[in-house]
Structures are given as structure tokens and as C-alpha cells.
Amino acid sequence: MKVLVCIKRVPDTGARFELTPDGQEIDTRNLEFTISPHEECAVEEAIRLVEQHGGESVVLTLGPEAAAEQLREALAKGVDKGVLLETDGSEWDPVATAEAIAQAVQQLESEQGQGPFDLLLFGNESADAGYYQVGVRVADRLDRPCVAGIKALKVEDGKARAKREVPGGWEIYELPLPCVFTVKEGINVPRHPSLRGIMTAKKKEIRRLTPEKPTMQLVKRRLRKPPERGGECEILGEGVAAVPKAVEKLKEIGVI
Amino acid sequence: MILGVIEHDRGKLNEASLEMLTLARTLGSPLEAVLIGADAGPFRETLKEYGVTKVYEVQHDQLGEYAPRAWGTSVVQLVRAKSPQAVLAAGTDRGNEVMAHVGAALGLPVAANCTEVRPGEGVYEVTRLRWGGSLLEDAELHGEPKLLTVAPHALSPEPASAGEVAVEAFRPTLDEKDLRVRVSAREEREREGVPLTEAKVVVGGGRGVGSAEGFKILEELAHLLGGAVGGSRVATNNGWRPHSDQIGQTGVQIAPDLYIACGISGAIQHIVGVKGAKYILAINKDPEAPIFQRADFGIVGDLHEVVPALVEEIKKRKSS
Ligand SMILES: Cc1cc2nc3c(=O)[nH]c(=O)nc-3n(C[C@H](O)[C@H](O)[C@H](O)COP(=O)(O)OP(=O)(O)OC[C@H]3O[C@@H](n4cnc5c(N)ncnc54)[C@H](O)[C@@H]3O)c2cc1C
């Protein structure tokens with residue numbers, strides 16, 4: 001089984017966003033970066049599928065050179081190979097991103113000459129831009145069946161069986177391979193890389209391709225912070241001594 | 001003409017569609033709607049109330065169950081036949097999925113989860129959610145027609161009757177590729193206790209809780225208050241709680257009367273899940289924890305001491 005998983009590098013923000021003065025970006029000077037959570041689960045799913053069925057997993061990202069860090073993280077967890085579609089770090093809209101990924105998939109598949117990837121996995125939406133469409137667009141562009149937002153996946157007898165959570169239960173989908181899924185956090189609990197994994201990841205191959213940047217049709221003008229919840233916090237006290245006062249408050253606001 | 005894609009599950013209307021129509025009405029007229037795989041009859045009154053003058057009832061014998069690409073293809077064929085200026089759907093799982101297929105077929109971007117839309121000459125200015133709503137983006141949307149989804153709960157649905165609504169049948173041509181992905185079965189889930197999204201009181205636990213065991217006392221507190229237990233991503237990622245209990249950007253968004261945050265630092269991705277809470281009580285041993293800046297009441301202390309004492313005190317009051 002061959003699985004390709006697509007991820008995105010996003011800042012690991014803490015308690016607040018600070019924006020750059022021109023409102024174009026999150027100020028990331030004091031921030032670390034991470035793989036967006038849904039995609040972290042997609043990576044885990046890819047590793048498990050290959051552990052179970054044999055074969056090979058490949059992780060791909062479109063982003064700046066620095067996004068190689070997130071590819072290494074996936075490689076350290078157990079993915080076999082990395083592909084970086086290198087950009088200048090500026091924002092790509094969903095049409096451009098999907099087109100670049102679809103072309104890269106076609107190139108990788110024709111080079112390896114063993115037919116298509118059995119599965120392409122994406123996150124349901126990236127944590128930062130939240131376009132909710134890149135995976136579906138890649139699927140349609142390559143004419144492969146696709147379901148978005150799944151939280152369970154099983155592959156058997158050339159078929160994939162996926163579950164999507166809906167109010168009160170689950171929808172079940174059965175797709176022939178090759179196919180495409182976008183996954184949601186909760187499909188699994190992702191592993192941490194082992195020390196050995198981190199060492200071997202350094203030797204794993206990262207392929208670099210440079211897609212051409214087209215004209216964007218969804219263009220960011222600026223970022224803004226919505227009004228924040230908050231105001232004054234009344235500190236009721238320290239430790240158990242604060243408990244009677246807290247219970248009074250709960251009565252006051254009518255929950256007891 | 002502005003076209004709204006009406007979301008329903010086996011004939012049951014999704015209320016987010018009414019929010020979508022409320023926004024769609026402001027973009028131009030007439031407002032028309034497309035209904036896929038259901039009889040328009042039961043929807044007519046509601047759609048009329050929300051300003052829809054015509055409903056296209058998409059008829060096909062294979063559309064009894066939700067089929068994302070078939071829905072998308074139906075909308076695309078309708079767009080080609082009727083040339084709307086804009087196509088909108090609700091920013092739900094289905095709405096975003098269907099519009100992604102529409103966008104792919106038309107080679108146009110979809111502006112997902114818009115909260116405001118200002119139509120202009122050839123370009124729409126939109127405000128959309130990023131980071132699950134922690135951040136807003138002002139953006140320009142190009143292309144013809146404009147494709148967008150409306151963020152749920154961004155505005156309240158407001159009726160504005162159209163007077164009359166016509167129904168027109170529309171028969172799409174669907175092939176095997178459109179129909180190969182569809183709901184093939186369903187599983188019901190047992191409901192146990194109060195669901196997180198409906199609970200009046202939610203007790204949330206984070207890294208400070210320390211273990212799955214540690215959540216027992218939080219369960220007891222929630223039970224006493226008739227509420228439910230949730231957690232931060234640290235709690236779910238460590239396997240202390242199932243992911244369905246996760247509150248925040250990649251979990252559920254809740255709006256209880258009271259949220260009690262225990263051993264939770266107050267990361268922005270967590271807070272975005274509780275911004276609908278009327279009151280927040282934070283219990284944290286670090287007086288500098290950011291959660292105190294978002295809470296209404298705070299107790300500085302070790303939750304392993306404070307929460308059991310709170311349980312005892314409430315029991316005492318209840319019995320006296
Ligand atoms: C893209 C993205 C999406 C995310 N989505 C989510 C999401 O949906 N939900 C979510 O929750 N997080 C999400 N996160 C993670 C988020 O950024 C934080 O890492 C996480 O919320 C922190 O969880 P926490 O508060 O439990 O842990 P920590 O930040 O480690 O905080 C633990 C707190 O507990 C206190 N504490 C420790 N021991 C005790 C004790 N004995 N008594 C009292 N207090 C104690 C500490 O003082 C500290 O403030 C996301 C992150 C990213 C990058």
C-alpha cells in the first residue's frame with residue numbers, strides 16, 4: 001500500500017495572537033511551528049496503514065524552506081519519504097495549492113511507475129487558513145473519489161471504509177482504491193517520535209520541487225482580531241479557603 | 001440572481017441554511033435556492049419566509065442519500081444553466097464539502113466561513129474566519145460566480161418574506177464518478193448523560209488534572225451540577241479523555257451558563273471553544289496563567305485540593 005499524506009506548517013500560538021504591524025501575518029518571532037492537528041492525525045493514520053499492510057508512506061507539504069522541519073517531524077514518526085513544494089512563504093489560495101499538489105502527485109506517480117498512491121490523506125482544514133477545500137479539489141482534479149472530515153478508516157480487499165461523525169451517530173462510506181480522504185483530529189491519537197526515529201529521519205530523503213505561483217483569486221487583505229471575551233476576573237481567593245465564596249457565586253449565577 | 005444551497009439531512013432542514021439565506025439576501029436579487037434529493041413541498045413555507053422566490057428541486061433517483069460530489073455536480077449544472085452572480089452554502093461539514101466540489105469543477109476558489117460579505121464590481125470583499133474563529137481575515141474574492149460559505153452562528157437568521165415562491169424541477173446528468181461516493185450505511189450512537197454542547201454547566205480539565213483517574217472528581221462535580229465533562233487537547237492527546245470531549249478549535253465549541261476550567265492554561269485554541277460561555281470559573285495554581293484574563297472568577301490553587309473541597313461544599317449545601 002502506498003499512502004501520500006499532505007500537511008501544513010502552522011505557528012504554535014500560545015494564549016494570544018500578536019499580528020505584525022501591517023496586519024498581514026501573525027507575528028511569529030517568538031513562536032515555534034507545528035503540524036496542523038488534523039494533519040498530525042493524517043500522518044499517524046498513514047504510518048499505521050503502512051505498518052499494517054506494508055508498503056510506503058510519503059509526506060508532502062507546500063510551504064517555505066522552513067517547512068522541511070515539519071516534514072522531518074513526520075519522518076521521525078515513521079513516514080518513509082518527504083516532498084517539499086517550495087514557495088517563497090507567501091500565502092497560496094486553495095485553487096493554487098490544490099493545483100500544485102495535484103501536479104506533484106502526478107509527477108511522483110509517473111516517476112515511480114507503479115500506478116497511483118492507494119490513498120491520499122489530508123487534514124479536513126488547515127488550522128490557520130481554514131479553507132476547507134484543498135483535499136477535495138485535489139481529488140476532483142485527479143478524478144478520484146473523496147470523502148471529507150472522516151474520523152475512522154479501515155482498508156480491506158481494495159476498498160476503504162470510512163466513518164464521518166454526524167449529530168447522533170456516524171455516516172459510513174465505502175470507496176474503491178485509489179481514493180482521497182480528509183481527516184479530522186480524533187481519528188487516532190498521534191504518536192511522539194522516538195529518539196531513534198529522530199536520528200533515522202535525518203537520513204531520509206526530502207525531495208524538493210518548485211511549483212510556479214499562479215495569480216491568486218482569493219486574496220488576503222489583512223488579518224484582524226475579533227473582540228475578545230474577558231474583562232475583569234474576580235479572584236475569589238487561594239486554595240480551599242476560596243471554596244465557600246465560590247459556592248456562593250455559583251448560587252448567585254443560578255447554577256446551584 | 002443569488003443562489004443558496006439548502007442543506008438538509010433526509011428531508012430535515014439544517015438551520016444553518018437560514019443564516020446563509022439571511023446573508024445571501026443582502027448580496028442581490030432575486031434570491032433563489034437549490035434543494036437536492038428532497039421534496040420541495042415541506043420546505044416551501046420556510047424558504048418563502050426567508051426571501052426565496054424560486055426553488056430548484058433537483059430530481060434524480062440516486063440522490064436519496066447524501067452524495068457529496070453528486071450534490072456538487074448538480075449545483076454546477078444549475079450554475080451553468082442559470083448563471084447566478086453568487087452561490088452560497090452554510091459553512092458546515094456538508095456545505096464546505098459540496099462547495100469544494102463546485103469550486104473544483106468551476107476552477108474558482110471558495111471563500112469558506114464568511115461572516116460578512118460586501119459585493120462590489122467584479123470583486124467581493126469578504127470577512128472570513130481563520131483559526132476556528134480566533135482571527136478574522138478581510139479578503140478579496142474574484143471569479144464569476146462568487147462561491148462562498150457562511151460561518152455558522154455568525155449572524156442570526158431573520159425572516160423577510162418573499163411573498164411567493166415557485167418550484168421548478170431540475171434534472172442533472174450524473175455519471176458513475178458523481179455517484180460512487182455516498183452514504184452507504186449509518187450507525188446510531190448511544191446517548192450517555194448530557195451532551196457537551198447542550199450542558200448548562202461544563203467542567204473542563206487540562207494538563208493539570210494529570211491522568212484519566214484525575215478526571216473522576218471532575219465527573220463528580222459535573223454530576224452534582226447536572227453538567228458534563230470536557231477537556232483540553234492535552235487531556236485528549238494523552239488519552240485521559242476521548243476526543244469527543246475536546247473543547248476548542250479542533251474539538252467542540254460550547255456555550256454553557258458556566259464553564260469551570262481546571263488546570264487549563266487558556267491557550268487561544270481552547271478559549272475559542274468556550275467564548276459562548278456566560279461565566280467562566282478558572283482553577284489554576286499559577287496566578288499568571290492566561291486563563292485568568294478570560295475568566296470571570298478565579299481560584300488560585302491546586303485543583304486536586306480545590307475540586308474535592310468544592311464537591312464537599314456543594315453536597316453540604318444541597319443537603320442542608
Ligand atoms: C492549530 C492548533 C489547534 C489546537 N486546538 C486545540 C483545541 O481544540 N483544544 C485545546 O484545548 N487545545 C488546542 N490546541 C492546543 C493548545 O494550543 C494548548 O496547547 C492546549 O490547550 C493546552 O492545554 P492545557 O491548558 O491543558 O495545558 P497547559 O497549557 O500545559 O496548561 C496546564 C495548566 O494547568 C495548570 N496546572 C498544572 N497543575 C495544576 C494543578 N495541580 N492545579 C491547578 N492547576 C494546575 C498550569 O498552571 C497550567 O496553566 C491547539 C493547538 C494548535 C496549534
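Mentor: Let's start where E13(A) meets E9(B): six bridges join these two strands, which run antiparallel. Strands count as paired if DSSP finds at least two bridges between them. The names come from DSSP runs, helices being H or I with at least four residues and strands E with at least two, numbered from the N terminus. Within this pairing, Arg224(A) stands opposite Leu136(B) in E9(B).

A word on the ground rules before we go on. This is a predicted model, where local features need pLDDT of at least 70 and side-chain atom pairs count only at pLDDT 80 or more, while totals for chains, interfaces and linings use all residues. Residues are numbered from 1 along each chain as its sequence is written, chains are lettered from A and ligands numbered from 1 in the order in which they are written, and side-chain values use heavy atoms, with hydrogens and water left out.

The side chains of Arg221(A) and Glu140(B) form a salt bridge, 2.8 Å from N to O. Arg221(A) sits in strand E13 (residues 218-224) of chain A and Glu140(B) in strand E9 (residues 135-141) of chain B, so this pair joins the two chains. By salt bridge I mean a side-chain nitrogen of Lys or Arg within 4 Å of a carboxyl oxygen of Asp or Glu. Arg221(A) is partly exposed because its relative accessibility is 43%; under 20% relative accessible area would be buried, over 50% exposed, and partly exposed is what lies in between (1.4 Å probe, protein chains only).

Across the interface of chain B and chain A, the rule finds 16 salt bridges. Lys177(B) and Asp143(A) make a salt bridge through their side chains, at 3.2 Å from N to O. There are also 45 residue pairs in polar contact between chain B and chain A, both residues being at pLDDT 80 or more. A polar contact is a pair of N or O atoms within 3.5 Å; within protein, one must be able to donate a hydrogen and the other to accept it, and residues adjacent in sequence count only if both atoms are side-chain atoms. Helix H4 (residues 93-106) of chain B gives the largest share of the side of chain B that touches chain A, namely eight residues. The residues of that side divide into 38 nonpolar, 21 polar and 25 charged. Here Ala, Val, Leu, Ile, Met, Phe, Trp, Tyr, Cys and Pro count as nonpolar, Asp, Glu, Lys and Arg as charged, and the others, Gly among them, as polar.

Now step back to the whole interface. In it, 84 residues of chain B are in contact with 85 residues of chain A, contact meaning heavy atoms within 4.5 Å. The size of an interface is often given as the accessible area lost when the parts come together. Chain B and chain A bury about 7500 Å² between them, with 54% of it on carbon and sulfur atoms. Trp131(B), Glu187(B) and Arg189(B) supply 10% of the area that chain B buries against chain A, more than any other three residues. Buried area is the accessible area (1.4 Å probe) that two parts lose on being put together, summed over both.

Take Glu40(A) and Lys77(A), whose side chains meet at 3.7 Å, N to O. Glu40(A) belongs to helix H1 (residues 37-53) of chain A and Lys77(A) to helix H2 (residues 68-77) of chain A, 37 residues apart, and the pair links distant parts of the chain. Glu40(A) counts as buried because its relative accessibility is 12%, and Lys77(A) is buried too, with a relative accessible area of 8%.

A few lines on chain A as a whole round out the picture. Chain A has six helices and 14 strands. Its C-alpha atoms fill a box of roughly 70 × 45 × 40 Å, taken along the principal axes. Of the 256 residues in chain A, 55% are buried. Among contacts in chain A between residues at least 6 apart in sequence, 71% join residues at least 24 apart.
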